[in-house]
Amino acid sequence: MKYVVLYESASDVLTTAPVHFPAHRALLDDFHARGLLLMVGTFANPVEEGSMAIFSTREAAEEFVKGDPFVVNGVVQSWTIREWNEILTP
């Protein structure tokens, strides 16, 4: 079981994301280095479609969201965590 975090971008994402991106990136790198963040990225149109990240545990997903500068500073207007049954890898 993996856990997917889906972010919905705030309307002013193009102006707020660059301000908070360095701290957001540092958090991404930390979680990835610890093996908790498996994949992350925006959809084709992040303003309208947002982004997603895949985590190895629900606890990691919750911890990430709680401390993410994009969440804390309103770069995303809402988020959800969904369980994902990956079937192609063990």
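**Exercise 1. Determine which residues form one aromatic cluster, and describe the pairs within the cluster.**

Solution. Step 1: the members are Phe31, Phe55 and Phe64. The model is predicted, with local features requiring pLDDT of at least 70 and side-chain atom pairs pLDDT 80 or more, whereas totals for chains, interfaces and linings use all residues. Residues are numbered from 1 along each chain as its sequence is written, and side-chain values use heavy atoms, without hydrogens and water.

Step 1: rings of Phe, Tyr and Trp (its six-membered ring) pair if their centres lie within 6.5 Å; planes under 30 degrees apart are stacked, over 60 edge-to-face, and the rest tilted. The structure holds 3 aromatic pairs. One of them joins Phe31 and Phe55, edge-to-face, at 6.2 Å centre to centre and 90° between the planes. This pair links helix α1, which holds Phe31, to strand β3, which holds Phe55, 24 residues apart. Helices (H or I, at least four residues) and strands (E, at least two) are DSSP runs, numbered from the N terminus.

Step 2: the ring centres of Phe31 and Phe64 are 5.2 Å apart with planes at 90°, so this pair is also edge-to-face. Because Phe31 belongs to helix α1 and Phe64 to helix α3, the pair ties together parts 33 residues apart in sequence.

**Exercise 2. Identify what Glu63 contacts beyond its neighbours within four places in sequence.**

Solution. Step 1: Glu63 lies in helix α3. Step 2: contact means heavy atoms within 4.5 Å; by this criterion Glu63 touches Phe31 and Arg34. Step 3: Glu63 and Phe31 are 32 residues apart in sequence, with 9.7 Å from C-alpha to C-alpha. Step 4: the charged end of Arg34 sits over the ring of Phe31, 4.5 Å from its centre; the criterion is NZ of Lys or CZ of Arg within 6 Å of the ring centre and within 35 degrees of the ring normal.

**Exercise 3. Give the strand order of the sheet and locate its edges.**

Solution. Step 1: strands pair if DSSP finds at least two bridges between them. The 4 strands form an open, antiparallel sheet in the order β2-β3-β1-β4. Step 2: β2 (37-42) and β4 (76-84) each have a single partner strand, so one side of each lacks a neighbour in the sheet.
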